[in-house]
Amino acid sequence: MPSRSGRGRHAGGNGDDEDEVLPPFFNTTFSTHRASPLFVGQQGLTPARLQQLGHRLRDTLVGDVVRGIQIGLESTDTPTGQVGSLRSVTIRWFHAQRLLSDELSFTEQDGSNDIADSVMRQWNRLPEEQKRGLWIEIVHENASYVALLLPGHPGAIRDRRTAPNGWAMQSDSNVLERSADQGHFIHLPLLLLRMPQALKGIIGEWISTSFDCRVSKLNLGTRTLVTVWEDWIKIAGLPGKGPDFAIILAFNAPIPKKAQAGTAVESGEESEHDGMSTEPGLRSMEVTISPQDLRRFFRAGEQASELFRSGSSGPWENDPRERRRLAGGNADDGWAWRANQGPDEHPFTEALARYLDHHLALNLFHPSVRIVQISCGGFVVAQSRLKVVKVGSVSEELSRAAWVFVTRLGERVRGEKMLDLGL
């Protein structure tokens with residue numbers, strides 16, 4: 001359920017926002033989605049219009065698709081009907097920065113190399129209306145569901161668009177800038193949902209219809225997961241105790257099928273058993289590291305003078321098309337983006353790759369190897385879900401790390417075309 005913040009010391013805030021109601025974020029598992037720019041027209045999203053939209057969404061839920069919501073609850077181990085009747089549907093603005101902490105502070109020195117300060121300098125240059133997020137809250141008698149639309153980080157996106165590695169593609173907002181008045185759109189690219197699966201589809205369709213936009217599932221790939229983890233280390237540090245660090249690797253490496261004796265192979269015909277299986281061989285592998293050893297990996301990576309290259313490289317090394325075929329359809333995967341980075345950019349990952357190559361003969365940077373989940377004491381982030389953990393009060397380091405965490409995801413969404421069409 002939502003909590004009421006204390007007196008805000010948010011930069012750019014005013015007295016009316018001191019008792020602002022904020023949505024839940026910490027210790028909450030969200031599924032990740034993305035949305036193209038929302039068309040709001042000349043009138044914008046005033047409180048009166050938000051109230052009207054809330055009434056429309058409530059009418060949709062209680063009128064046509066209430067059975068769909070109940071069916072979805074079965075997947076969350078909640079017996080059908082126990083959520084009770086629908087009490088309210090509320091849509092409101094909130095300060096995106098205050099979502100993480102009222103005490104969040106950053107320096108304004110342009111020469112600072114701190115990641116969080118660099119992000120915040122560009123954030124502070126945005127107009128106030130671009131620093132807000134949109135919160136949809138659906139409250140039943142015994143349960144509540146949340147949808148959060150969060151802004152991205154346009155400064156970092158501009159840097160990525162001009163990067164030579166080609167990782168970032170032209171976003172939908174570029175097209176809109178040439179064809180329509182940008183004052184009629186708001187950019188809230190990152191959509192986080194905490195609700196049953198059936199309700200996710202309903203909310204996604206309602207947002208698409210109401211704001212003439214496109215909503216799709218966001219599959220976070222290797223690059224995003226690695227960047228989020230490495231940023232977290234540099235801002236929040238590495239713990240000496242607590243839960244183990246775990247990273248799950250997946251493989252796009254199918255098993256070759258051998259022809260069986262006595263088949264049509266003997267007559268020169270191609271057998272259905274020839275070629276590669278459509279199912280992958282080794283599906284996944286989890287690597288667990290104790291908190292006491294995390295610093296050793298990080299120090300080893302910092303001491304490296306060049307990028308690690310395994311001795312098991314193949315013809316894909318200098319063949320972009322073969323690398324992309326091995327990596328699959330996600331532009332975040334494939335490890336090609338490492339070519340334009342130094343060893344100090346992701347020191348922990350570099351050290352982990354050396355360790356796996358030496359002890360397991362596993363080339364982490366092979367295009368067929370991808371990272372699908374990272375979990376530590378501070379967060380869990382996977383291909384389509386995330387959770388930022390808070391134990392006790394929110395510290396300065398946690399606020400700063402969580403802020404970069406969220407803006408990195410917003411950057412990932414706005415930096416690419418929306419290719420997936422379904423929730």
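Trainee: Is Ala 361 buried or exposed?
Mentor: Its relative accessibility is 68%. Buried means under 20% relative accessible area, exposed over 50%, and partly exposed in between (1.4 Å probe, protein chains only). At 68%, Ala 361 therefore counts as exposed.

Trainee: What kind of model is this?
Mentor: Residues are numbered from 1 along each chain as its sequence is written, and side-chain values use heavy atoms, with hydrogens and water left out. Local features need pLDDT of at least 70, side-chain atom pairs count only at pLDDT 80 or more, and totals for chains, interfaces and linings use all residues, since the model is predicted.

Trainee: Where is Ala 361 found, and what is its phi?
Mentor: Ala 361 is in the loop between H10 and strand S15 (369-375). Helices (H or I, at least four residues) and strands (E, at least two) are DSSP runs, numbered from the N terminus. Ala 361 is not a glycine, yet its phi is positive, near 55°.

Trainee: Which loop holds Asp 212, and is the residue buried or exposed?
Mentor: Asp 212 is another residue other than glycine with a positive phi, about 50°. Its loop runs between helix H6 (197-211) and strand S10 (215-217). Relative accessibility is 61%, so Asp 212 is exposed.

Trainee: How many residues does the protein chain have, and what share is buried?
Mentor: The chain holds 11 helices and 17 strands. It has 423 residues, and the buried share is 49%.

Trainee: Is Thr 349 buried or exposed?
Mentor: Thr 349 sits in helix H10 (residues 347-360). Its relative accessible area is 7%, so Thr 349 is buried.

Trainee: Which side chain makes a polar contact with that of Thr 349?
Mentor: A polar contact is a pair of N or O atoms within 3.5 Å; within protein, one must be able to donate a hydrogen and the other to accept it, and residues adjacent in sequence count only if both atoms are side-chain atoms. Contact in general means heavy atoms within 4.5 Å. Beyond four places in sequence, the contacts of Thr 349 are Val 226, Glu 230, Trp 335, Leu 364 and Phe 365. The polar one, at 2.8 Å, is to Glu 230.

Trainee: How are H8 and H10 placed to each other?
Mentor: Axes are lines fitted to C-alpha atoms, for helices over the stretch in contact, and angles run from 0 to 180 degrees between N-to-C directions. Under 35 degrees is roughly parallel, over 145 roughly antiparallel, 65 to 115 roughly perpendicular, and the rest oblique. H8 (residues 291-302) packs on H10 at about 95°, with the axes 7 Å apart. H8 and H10 are therefore roughly perpendicular.

Trainee: Which residues of H10 meet H7?
Mentor: H7 (residues 222-236) packs on H10 at about 115°, with the axes 8 Å apart. H7 brings Val 226, Trp 229, Glu 230, Ile 233 and Lys 234; H10 brings Pro 347, Phe 348 and Thr 349.

Trainee: Why does the pair Phe 25 and Phe 30 count as stacked?
Mentor: Rings of Phe, Tyr and Trp (its six-membered ring) pair if their centres lie within 6.5 Å; planes under 30 degrees apart are stacked, over 60 edge-to-face, the rest tilted. The whole structure has 16 aromatic pairs. For Phe 25 and Phe 30 the centres are 6.2 Å apart, and the pair is stacked because the planes are at 25°.
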